[in-house]
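Please read them beside the sequence and the model.

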Amino acid sequence: MLLTVSDVSKSYRKGQPVLHNIDVTVGAEEIVGLVGESGSGKSTLARLIMQLEPTESGCIVFDGLPITKRSKKEFYKKCQIIFQNASSALNPSWTVREILMEPLRSQKMDREQHIQKMLGNVGLSKQHLNQRPSELSGGERQRVNLLRSILVNPKLLICDEIVSDLDRLIQREIVDLLLELNRTTGMAILFISHDLQIVEYLCNRIYVMKNGEIIDESSKIENEFEFSSSYSKKLFGK
Ligand SMILES: Nc1ncnc2c1ncn2[C@@H]1O[C@H](COP(=O)(O)OP(=O)(O)OP(=O)(O)O)[C@@H](O)[C@H]1O
Ligand SMILES: [Mg+2]
């Protein structure tokens, strides 16, 4: 497994767990969905995996090592996250070129060439490089975000509601980009979303969360998911 979350719990207030004994795995090259109602703890779990907050108990192992045993710099080359709000993640005073150069600053490579080569993979073109985030559409901003995350060639990309602000057509384009990236680079994806249709389309396996617990899990078999709990059956209209 690329990522193994074992028995992880978290509370912000004593005695009120936001996450309760969470077990989640993501295999190499796998696309895993995480769904659940608002407040069920999905983003909290993502933040713990990304070491943006400490876990209270349990263990998170990434690529063979507990995440706390690896330097953050090394970890962030292998594991990246994108959030819903593309605008707030991008420095408004920088051009797209400056935004994309930043994650590569310590790498010995022709950064301009690498960026130009990768632009097409996310459906952007050279002209976008000189624009600032305010001069881009929401879909273009999310493509810049996506490109910034994949420039370092991560093994795992966590997407937290990344298409929720976009219209249906652009959503589909971004999701197809993710599928293509997964197919060509083998990058695994943990895809957090309210949009069950998109999750069913994109993912090989889905976890269902409720009140801080994983209550169900299903793998895609012959293009179908089969859930065991009545909650998830109802959620997915099965
Ligand atoms: N920093 C914090 N301090 C206190 N409580 C928090 C904090 N962050 C999250 N919570 C609480 O943890 C619970 C889970 O929040 P979280 O953001 O993980 O839910 P979510 O499943 O991502 O919801 P949504 O689908 O709306 O994004 C909520 O009850 C929230 O109020
Ligand atoms: Mg959330």
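1. Helix H1 (residues 42–49) contributes the most to the shell around ligand 1, with 4 residues. Helices here are DSSP runs of H or I of at least four residues, and strands are runs of E of at least two, numbered from the N terminus.

2. The model is predicted: local features need pLDDT of at least 70, side-chain atom pairs count only at pLDDT 80 or more, and totals for chains, interfaces and linings use all residues. Residues are numbered from 1 along each chain as its sequence is written, chains are lettered from A and ligands numbered from 1 in the order in which they are written, and side-chain values use heavy atoms, without hydrogens and water.

3. The shell around ligand 1 includes Tyr12, Val18, Glu37, Arg47 and His194. By class, the shell holds 2 nonpolar, 7 polar and 3 charged residues; Asp, Glu, Lys and Arg count as charged, Ala, Val, Leu, Ile, Met, Phe, Trp, Tyr, Cys and Pro as nonpolar, and the others, Gly among them, as polar.

4. Oxygen atoms of ligand 1 lie 2.5 Å from a side-chain N or O atom of serine 38, 2.7 Å from one of lysine 42 and 2.5 Å from one of threonine 44. Alone, ligand 1 exposes 640 Å², of which the protein buries 61% (Shrake-Rupley method, 1.4 Å probe).

5. Helix H6 (residues 138–150) is largely enclosed by the rest of the structure, because 10 of its 13 residues are buried (under 20% relative accessible area, 1.4 Å probe, protein chains only). Among the buried residues are Arg141, Arg143 and Leu147.

Conventions:
A residue is near a molecule or strand if one of its heavy atoms lies within 4 Å of it. A polar contact is a pair of N or O atoms within 3.5 Å; within protein, one must be able to donate a hydrogen and the other to accept it, and residues adjacent in sequence count only if both atoms are side-chain atoms. Buried means under 20% relative accessible area, exposed over 50%, partly exposed in between (1.4 Å probe, protein chains only).
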